[in-house]
Amino acid sequence: MEITIRKTTAPRVKPSDETGLGFGRSFTDHMFIMDYTDGKGWHDPRIVPYGPLALEPSTMTLHYGQTVFEGLKAYRTKGGDILLFRPEKNMERLNVSNERLCIPQIDVDFCVKALKTLVDTERDWVPSSEGTSLYLRPFIIATDPFLGVHPSHTYQFIVICSPSGQYYPEGVNPVKIWVESKYVRAVKGGVGYSKTAANYAASLKAQQEAEDAKYTQVLWLDGVERKYIEEVGTMNVFFVINGEVITPRLQGSILPGITRMSVIELLRAQGRTVTERAISIQEVYDAHTAGTLEEAFGTGTAAVISPIGELNRDGEKIILHGNTTGPVARALYNDLTGIQSGEAADTFGWTQRV
Ligand SMILES: *Cc1c(COP(=O)(O)O)cnc(C)c1O
C-alpha cells in the first residue's frame, strides 16, 4: 500500500521553549489515518493535516469503548538523527489488544513503516533538548454509526504526534505511591492486558483520590484477593529484595510493558537475577521490616524509570531507599535513556533510525 501525503498549507509555529513542553498538550502539523472496512481490509493510508475528525454522534467507539491505543517516542540524537525504540513491539502489542477487543489485525511491518513516514514528515517537530522527545500515539477506533452492542464493521487507525518535555526537569526524583485497597483496575479474564480505554476509565477515581491525598499514582492489587501486586498507574513495577529483582508475572490482568520487557532483558544480560512471580504487598512490607527491601521502581515509556520513595497502605507508610533513587533504578535509567538517545551503544539492536 502506498501512503499518500497531503501537506498542510498553514504550518504551526513550533514551541521555542522545549523545557516547558510538558506532556500531551500540543500536537504537530500532520497525522496518519488508515481506514478499515469488512471485506476490503485496511485501505487508503494517508498523512493529512492534523485536525478534528468528523464522526456521527452514533459512532460506536464513543458509546462502548471499542478502541485500543499505543504510546512510543521518537528521540533526537546529538548528531541530529531520529530514533524509534522497539516500534515493532508496540505494533505487535496493538495486535494483542486488537484481538481482545474484536478489532481486525494490522500489518506490523506496514504500520512501523507508517510510523516512520509520519515521523519523517514531522522531523522538525522532534525536540532536541536532553530528555525531550516526540511522543507518538497510535490508536484505533470503531467507526460504525450504530448503537447495537456488537463489534464494528469499520475502523480508523490514526497516529498523532505530540512534542514532549523532560519528564524530570529537576532530575530523577522518587514518587509517592498509594497502595489501592478499595478500587480494582482489572481482573483475569478481563481486558487488563490490553491497552484499551476501559482500563483507564476504571482507574480515574482511584487516581483522583490518591492525588487528593498527595500521592502521585496508585499501586494496584489483584482484583480477587487484594493481596498480590499488579502494577502502578501506567507503569509496571519492580522490587529489589535481598539482591533479587522481582516483578509481577504477566497473567492477564497486567499490561505487558515494553519498558518492563527491556528492563528484564537488560538486567539479565548484566548477570542479575530477575524473577517474574506473584509478589504480595505483605511480602514487600515484611521485607521492609526485615531490612531487605532495597528499592522499588516503576517502568513505562513516559518516565522510563520512576523510583518509588514511599508506599502508603491504609495509612501505614514505608520509606524506600531513604526516599532517594536506588542504584538499580539509576543504572537502568542511564542505560535505557542512553540507548534511546543514541548516546550508548545499542548492543541489543533495539533502536530504528527514521
Ligand atoms: C502503557 C502502559 C504501561 C507501560 O508500557 P510501556 O510499553 O513500557 O510504555 C504499563 N501499564 C499500563 C497500564 C500501561 O497502559
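A polar contact is a pair of N or O atoms within 3.5 Å; within protein, one atom must be able to donate a hydrogen and the other to accept it, and residues adjacent in sequence count only if both atoms are side-chain atoms. The model is predicted, so local features need pLDDT of at least 70 and side-chain atom pairs count only at pLDDT 80 or more, while totals for chains, interfaces and linings use all residues. Residues are numbered from 1 along each chain as its sequence is written, and side-chain values use heavy atoms, with hydrogens and water left out.

Select the ligand and then E231, where an N or O atom of the side chain lies 2.5 Å from a nitrogen atom of the ligand. Move on to K195, whose side chain places an N or O atom 2.7 Å from a ligand oxygen, and to R93, where the corresponding distance to a ligand oxygen is 2.8 Å. The protein covers 96% of the 380 Å² of accessible area that the ligand has on its own (Shrake-Rupley method, 1.4 Å probe).

Finally, colour the protein chain by its domain assignment (automatic or from a database), which gives domain 1 as 4–165 and domain 2 as 175–344. Their C-alpha centres lie 27 Å apart, and the contact between them (heavy atoms within 4.5 Å) takes 23 residues from domain 1 and 24 residues from domain 2.
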